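Dear colleague,

I am passing on the structure we talked about, together with some notes on what turned up in it. Please open it first and keep it beside you while you read.

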Amino acid sequence: MGGQVFGKLAFVRNVVYVRLSQYEQRAFPDFWAKTWGGFKRDFNSVAPYAGPFFLQAYVLYLWGEAENIRLKRKNPADYANDV
């Protein structure tokens, strides 16, 4: 390899490398402010259309659970004459 260091094995022309120190960069600037604003905007645009379907599905789920419990219950009249 000609005695070169691993990171500098080749010289490439017309390529500009821009590096920023880890002390100068901000990895997540205003992350929560931008995320919350986007979430509110997306939610407000989708909720009027998707909300009723999710509500109907939840009510159907609750009814199905209650009906399942009711149907699995034993009928006491079937066992009235057992001693």
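The accessible surface of the protein comes to about 8900 Å², and 61% of that surface belongs to carbon and sulfur atoms. Please keep in mind throughout that this is a predicted model, and that the values below were computed from it.

Let me begin with the overall form. The protein contains one helix and zero strands, and helix 1 covers residues 31–72. Along its principal axes the C-alpha trace spans about 100 × 40 × 25 Å. How does the radius of gyration of the protein stand beside that of a compact globule of 83 residues? Such a globule would have a radius of gyration near 12 Å, whereas the protein has 33 Å. Buried residues, moreover, make up 2% of the 83 residues.

Together with Val12 and Val15, Tyr17 makes a nonpolar surface patch of about 290 Å².

Next come the aromatic rings. A pair of aromatic rings is described by the distance of the centres and the angle of the planes. The structure holds four aromatic pairs. One of them joins phenylalanine 28 and phenylalanine 31, whose ring centres lie 5.6 Å apart with 70 degrees between the planes, an arrangement called edge-to-face. Phenylalanine 28 counts as exposed, at 66% relative accessibility, while phenylalanine 31 counts as partly exposed, at 37%. The rings of phenylalanine 39 and phenylalanine 43 also pair, and why is this pair stacked? Their centres are 6.1 Å apart and their planes stand at 25 degrees, so the pair is stacked, given that planes under 30 degrees apart count as stacked. Phenylalanine 39 counts as partly exposed, with a relative accessibility of 46%. You will also find that ring pairs link Phe28, Phe31 and Trp32 into a cluster.

Charged side chains deserve a careful look as well. Lysine 74 lies over the face of tyrosine 79, at 6.0 Å from the ring centre. Side chains of opposite charge can pair when their charged atoms come close. How many salt bridges does a search of the whole structure find? The search finds one, in which the side chains of glutamate 67 and arginine 70 meet at 2.6 Å, N to O. Both of these residues lie in helix 1, three residues apart, again about one turn of the helix. Glutamate 67 counts as partly exposed, at 21% relative accessibility, and arginine 70 likewise counts as partly exposed, at 45%.

A colleague

Technical notes
Residues numbered from 1 in each chain as written. Predicted model: local features only at pLDDT ≥ 70, side-chain atom pairs only at ≥ 80, totals over all residues. Heavy atoms only, no water. Phe/Tyr/Trp six-rings, centres within 6.5 Å; stacked < 30°, edge-to-face > 60°. Buried < 20%, exposed > 50% of the residue type's maximum accessible area, 1.4 Å probe, protein only. Helix = DSSP H or I, 4+ residues; strand = E, 2+ residues; numbered from the N terminus. Lys NZ or Arg CZ within 6 Å of the ring centre and 35° of its normal. Patch = residues over 30% accessible without salt bridge, like charges linked within 9 Å, V, L, I, M, F, W, Y side chains within 5 Å. Areas by Shrake-Rupley, 256 points an atom, 1.4 Å probe, with all protein chains shown as cover. Salt bridge = Lys/Arg side-chain N within 4 Å of Asp/Glu carboxyl O. Rg over C-alpha atoms; globule rule 2.2 N^0.38 Å.
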